[in-house]
Amino acid sequence: NGLEPRAVKDTTSASEDIQRQPFVIGVAGGAASGKTTVCDMIIQQLHDQRVVLINLDSFYHNLTEEELARVHEYNFDHPDAFDTEHLLSCMEKLRQGQAVDIPKYDFKTYRSSVFRRVNPTDVIILEGILLFHDPRVRKLMNMKIFVCTDADVRLARRIKRDTVENGRDIGTVLDQYSKFVKPAFDDFILPTKKYADIIIPRGGDNHVAIDLIVQHICTKLGQHDLCKIYPNLYVIHSTFQI
Ligand code: CTP
């Protein structure tokens, strides 16, 4: 499913391996904009690389009992809802070649109780609504992608996800949207679009954009031969600045 690093034949020497830093891709954008689909498509096409996907949702603060009792007043779309220090420390360890335990966030219990082990890898894809908010997190990324999807499409997807998958009632979902989600998108998420290297309209439906991105990643990794998609695009690469 792309969550765990995949093993590939290692043709590098031990010293090369120690020095190699992971290529870090950040994928940001509004909630339910299709970030996960974009990441999954990139992972699928990077079939011969070791890739790991890390979701910003994993770094939501656990709610206190008091916050849980008034959960409908909690703003999950504010930058303070995330434990950015924890994300930074996990990334630092991965860059130093150490394995880390990343929390798994549960949208139903509002808590992370289990962890998954993530090993150092060639490509790390970070995904989340506010990934470009903190300059220290932005600095970690070799490539920043912002997924742009119309607000009505995002809202429709969100209603479906929160009612069908998370068992919430529609009134609560719409209240949360107007009170927190929409204002936070305007105040915190949309202003970070300017930091993106690439803006993808229509999210996961945009196959051309995904193909171009994968080509660029392969070029950066020096693994041209591993990219089997549109080999003729290499000609364009010399002038295609991202
Ligand atoms: N959220 C929530 N309840 C929680 C925690 C988060 O409703 N306990 C909501 C926040 O309000 C925020 C959203 O989850 O708006 C962030 O999730 P996001 O990662 O954007 O969702 P995805 O479905 O992964 O987005 P995409 O479709 O772009 O992949």
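**Entry 1: strand 1**

Is strand 1 mostly covered or mostly uncovered, and how many of its seven residues are buried? I found strand 1 to be mostly covered, with six of its seven residues buried. I call a residue buried if 20 or more other C-beta atoms lie within 10 Å of its own, exposed if 12 or fewer do, and partly exposed in between, with C-beta atoms placed from the backbone.

I note that this is a predicted model, in which local features need pLDDT of at least 70 and side-chain atom pairs count only at pLDDT 80 or more, while totals for chains, interfaces and linings use all residues. Residues are numbered from 1 along each chain as its sequence is written.

**Entry 2: the chain as a whole**

I counted nine helices and seven strands in the chain. Helices (H or I, at least four residues) and strands (E, at least two) are DSSP runs, numbered from the N terminus. Of the 242 residues, 33% count as buried. I then looked up contacts, where two residues are in contact if their C-beta atoms, placed from the backbone, lie within 7 Å. Among contacts between residues at least 6 apart in sequence, 75% join residues at least 24 apart.

I traced an open sheet of five strands in the order 2-5-1-6-7, with parallel pairing. Its edge strands are strand 2 (51-55) and strand 7, each of which pairs on one side only. From one strand to the next, the twist averages 20°. Axes are lines fitted to C-alpha atoms, for helices over the stretch in contact, and angles run from 0 to 180 degrees between N-to-C directions.

Two strands pair if DSSP finds at least two bridges between them. I went through the pairs in sheet order:

- Strand 2 and strand 5 (residues 123-127) are parallel and share five bridges; Asn 55 has Glu 127 as its bridge partner in strand 5.
- Strand 5 also pairs with strand 1 in the parallel sense, over five bridges, and Phe 23 stands opposite Val 123.
- Strand 1 (residues 23-29) runs parallel to strand 6 (residues 143-148), joined by five bridges; Gly 26 is partnered by Lys 144, and Ala 28 by Phe 146.
- Strand 6 and strand 7 (residues 198-201) run parallel, with four bridges; Val 147 stands opposite Ile 200.

**Entry 3: the nonpolar core**

Which residues have the most contacts inside the largest nonpolar core? They are Val 27, Val 38, Ile 42 and Ile 125, in a core of 52 residues. A nonpolar core is a set of buried Ala, Val, Leu, Ile, Met, Phe, Trp, Tyr and Cys residues joined through C-beta atoms within 7 Å. The elements that each supply at least two residues of this core include strand 1, helix 2 (35-45), helix 4 (84-95) and helix 7 (170-189). The largest share, seven residues, comes from helix 8.

Most residues other than glycine have a negative phi. Ala 32 is in the loop between strand 1 and helix 2, and Tyr 110 in the loop between strand 3 (100-106) and strand 4 (111-118). Why does Ala 32 count as buried? Ala 32 is buried because 21 other C-beta atoms lie within 10 Å. Tyr 110 has 16 C-beta neighbours inside 10 Å and therefore counts as partly exposed.

**Entry 4: around the ligand**

Of the 17 residues around the ligand, I recorded Ala 31, Ala 32, Lys 35, Thr 36 and Phe 76 as those that come nearest. A residue is near a molecule if its C-beta atom, placed from the backbone, lies within 6 Å of it.
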